[in-house]
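Take a look at it first, then read on.

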Amino acid sequence: MKFCPNCGTKNENEAKSCSNCGNSLESQFTSRNTEFKSPDVSSCIENNPAYKRRRLNLIIIAVFIAIVGLLLIIVFASGSDDSNDTSVAEIVEETKSDQTFLTTETDMVISSTTVLESTENKSETETEIETVEASEPEQIIENALKSASGESNVSEISVYYNQANDYYTVDYHFIGTSWDETSFLRTIMSDYINTYRSVSSKIDVTLAFFVRVDLTDTRGNTSNEIVAKIVMRDDVFASYNWANVSGSIYETFSNDCELFDISSSILNYVDTEEIYYLP
């Protein structure tokens, strides 16, 4: 047997050319002992159909991988752009929101500044009016008492609202001069009526008089004590025509007042028939 020096295929000794590649064997092989020459198999491999199919498959796979890689790159790049677009959109919206918030805060500051300027620009007259309104009705009641009794006859006036009983308490110290206990009681009851009439023409309230005087005991000790408590509800008071009241008012107060408490130290010396109204 002899081998083709071109493709290495075994051939019969008598063969003149290679049965596989057709290469001439006469010049190369003269006997079995002829020197063997390394065959050139490259052309044989290239011409082999199996080799061609394998190479085509590799090319197809390489192209497929390249296409898939390119698609992945495109998809990734597209997703990144969308994310960037979303981030940009969110940033824009946040910026708009911040601008709106800042605008609102600015408007509030401007509004507050305007209010402060308006308050500061109020005239002294307006401030005085507000002060008077804030002191009502306490101030109205105090002024009415001073007018009814005379400022020289009253002191230490305290006017406050008694929420539990729903009336304004007028607690004051009577320092006027009275001839006797009857004269004293006549005076403070008349002061109550006149104060009530003056106040009721301005505001609707119920008045309570707590009258204090200086009392001296047998040992010469002087103390300031409440000797009269008078409370008549405003609707009861309004039911009387006080301008035309005549005779003693003691029974009227005793019967119609919610509270009519006269200290025994005063009442024991009072002639109730002489307690008439002094307009």
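Is the crossing of α4 and α5 left-handed or right-handed? It's right-handed, meaning that the near helix is turned clockwise from the far one by less than a right angle. Keep in mind that this is a predicted model, where local features need pLDDT of at least 70, side-chain atom pairs count only at pLDDT 80 or more, and totals for chains, interfaces and linings use all residues. Residues are numbered from 1 along each chain as its sequence is written, and side-chain values use heavy atoms, leaving out hydrogens and water.

**The helix pair**
- Helix α4 covers residues 138–149 and helix α5 residues 181–200, and they pack at about 135° with axes 8 Å apart.
- On the α4 side, the contact (heavy atoms within 4.5 Å) includes Ile140, Ile141 and Ala144, while Asp191, Asn194 and Thr195 are among the α5 residues.

**The cores**
- A nonpolar core is a set of buried Ala, Val, Leu, Ile, Met, Phe, Trp, Tyr and Cys residues joined through side-chain atoms within 4.5 Å, with buried meaning under 20% relative accessible area (1.4 Å probe, protein chains only).
- The largest one has 41 residues, and Tyr172, Ile188, Met189, Leu207 and Phe253 touch the most other members.
- α5 gives the most to this core, with 8 residues.
- Leaving aside neighbours within four places in sequence, Met189 is in contact with Ile230, Ile249, Tyr250, Phe253, Phe260 and Ile275.
- A second, separate core of 5 residues includes Cys7, Ala15, Cys18 and Leu25.

Notes: Axes fitted to C-alpha atoms, helices over the stretch in contact; angles between N-to-C directions. Helix = DSSP H or I, 4+ residues; strand = E, 2+ residues; numbered from the N terminus. Buried < 20%, exposed > 50% of the residue type's maximum accessible area, 1.4 Å probe, protein only.
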